[in-house]
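Student: I'm new to this one. Can you put it up and walk me through it?

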Amino acid sequence: MSRREGSLENPQADSSVSSLPLLEAKIHQTHSLARLLTKYAEQLLQEYVQHQGDPFGLPGFSPPRMPVVGLSAPAPGHEGLPAPERLQLDARALAALPPLLDVVRRLQAELNPRAPRLLRRLEDAARQARALSAAVEAVLAALGAEPRGPGPEPAAATAAATAAGVFPAKVLGLRVCSLYHEWVSRTEADLGQLVPRGPS
Amino acid sequence: MPAGRLGPAAQSARRPPPLLPLLLFCVLGAPRDGSGAHTAVISPQDPTLLIGSSLQATCSVHGDPPGPTAEGLYWTLNGHRLPPELSRVLNASTLALALANLNGSRQQSGDNLVCHARDGSILAGSCLYVGLPPEKPFNISCWSKNMKDLTCRWTPGAHGETFLHTNYSLKYKLRWYGQDNTCEEYHTVGPHSCHIPKDLALFTPYEIWVEATNRLGSARSDVLTLDILDVVTTDPPPDVHVSRVGGLEDQLSVRWVSPPALKDFLFQAKYQIRYRVEDSVDWKVVDDVSNQTSCRLAGLKPGTVYFVQVRCNPFGIYGSKKAGIWSEWSHPTAASTPRSERPGPGGGACEQRGGEPSSGPVRRELKQFLGWLKKHAYCSNLSFRLYDQWRAWMQKSHKTRNQVLPDKL
């Protein structure tokens, strides 16, 4: 008996069985969204380094890996975690990104006021990160997994060290854009492992 | 790129405006992390300099030994390694740099001056802003759409390129009283323009000027004084229709409506018409279509599609003595002239082009005269009436297929 026949002929069947196609569709959609946002994140990075000037766009450019309050890169052991845990980390990181991207946008509005496309991409990235985080949360809920839980305080609400100058601000913006790219592509990979293979 | 030679220490530096007060991150130059990385500080941080000036900078390394010493450090500027002869070791932990005859900054976010350890790792960075103070903006021109708003444009100074972000601010005030106001909607009709959407007074002059400011200084344009009523423009005439004039193969009739936005105000409108053949880019302009809402184009090619546009100048509004400002052209409207019924050379029953078997010399001269009159007086109704009647008679006498319509003018 196929899943569809089961849901038609037996309305009393387990709801998780009847919602399986819905879950698969949700995962598939969220995976497609993550794939699209990975492309956008690459474009954002390219646009960003172009406006900071060399050496930012040069191959081999390796600025210090500055720690960012409230967000770090995916850990080396991330791939070995169970799927729900990976998605929880993805959702948490994506939720932490929008305020950081907003700060970078405000900085770049001072440094590069005549770069409307860069500023727009940064604004879009914040919105996109929020959307993808919510979509991943929805997948987690459909999987019956725990929500991601409260993350760190939004970065805008905490004052840490002040910037020592323009160059560090450029480096930090690069770091945030890189983190955004790392986490959306990480999310794409994690969802890709859940996408059912073969015809649905 | 700066020239590779030592120069006098003639540094004119000015710290740039502070960035956002709240930044959320650890910074380059913070105490080292557990990995044992060392950091440095460049001085000055983010200086602003005139083109052609010199800069002396230092890179001072921090951190517990063993760590990089000044001996192994080197500089890059915008990713290019600077010649060693420009650097000098001041002490064990400090490397100095002397740059002379600086060129304008390569990007608006500042040139990236970076201090590197021997292994190439980045220890510190500073952004240089090298440019020129702004020159006086000039050539301010303004116009008001239907007396409701004011848009102004200007030219940004003699050379324009300052290599630094330069902010332009359009200011205005009523001439005899009132405070300075600042325009807020920029780049509406190009990069150096601003739009004032409302709260404008009529019958009283405004003073308008532009202030340009960047990290190296500011400049102010001359003041332009104007009355809104002297710079009024309006919408293009709506409902432009182009149609044939009966069977007349070389004429088209153009009709339009005067712009409705100004219909309640006293003014004498002027109109201009322009037209072109479908596959041409050359427009012909009919000037001096005074206060009419129709016109007949003549001397056109038969069997040809023409595009026509009309625009309006609302001069003399409320008694203004000034010329007024032409509106945009209306959307192009197309129509075709009738094909010529007279067969071409070598085809069919031949008739001499433009001739008639029974035309005598008087008729030929009359035809030539009226043809000339029509070409040089497009909107002269009297000549059209006479010419139309004569053409209609010509066509009828040659047994053409087209019926001649009665003159409706």
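Tutor: We'll take confidence first, then a sheet, then a loop residue. This is a predicted model, so local features need pLDDT of at least 70, side-chain atom pairs count only at pLDDT 80 or more, and totals for chains, interfaces and linings use all residues. Residues are numbered from 1 along each chain, and chains are lettered from A in the order written.

Student: What does chain A average in pLDDT?

Tutor: The average is 84, and 80% of the residues score at least 70. pLDDT is the predictor's confidence in each residue, from 0 to 100.

Student: Where in chain A is confidence lowest?

Tutor: In helix α1 (residues 3–9) of chain A, at a mean of 41. Helix α5 (residues 116–143) of chain A is highest, at 96. Helices (H or I, at least four residues) and strands (E, at least two) are DSSP runs, numbered from the N terminus.

Student: What about residues 1–14 of chain A?

Tutor: Their pLDDT is below 50. Where pLDDT is low, the predicted coordinates should not be read in detail.

Student: New topic. In what order do the three strands of the chain B sheet come?

Tutor: β20-β21-β24, in an open, antiparallel sheet. Two strands pair if DSSP finds at least two bridges between them. Five bridges join β20(B) to β21 of chain B.

Student: Which strands are at the edges?

Tutor: β20 (241–245) and β24 (294–297) of chain B.

Student: And B:G247, buried or exposed?

Tutor: B:G247 counts as buried because its relative accessibility is 11%. Buried means under 20% relative accessible area, exposed over 50%, partly exposed in between (1.4 Å probe, protein chains only). B:G247 lies in the loop between β20 and β21 of chain B.

How values were computed. Heavy atoms only, no water. Contact = heavy atoms within 4.5 Å.
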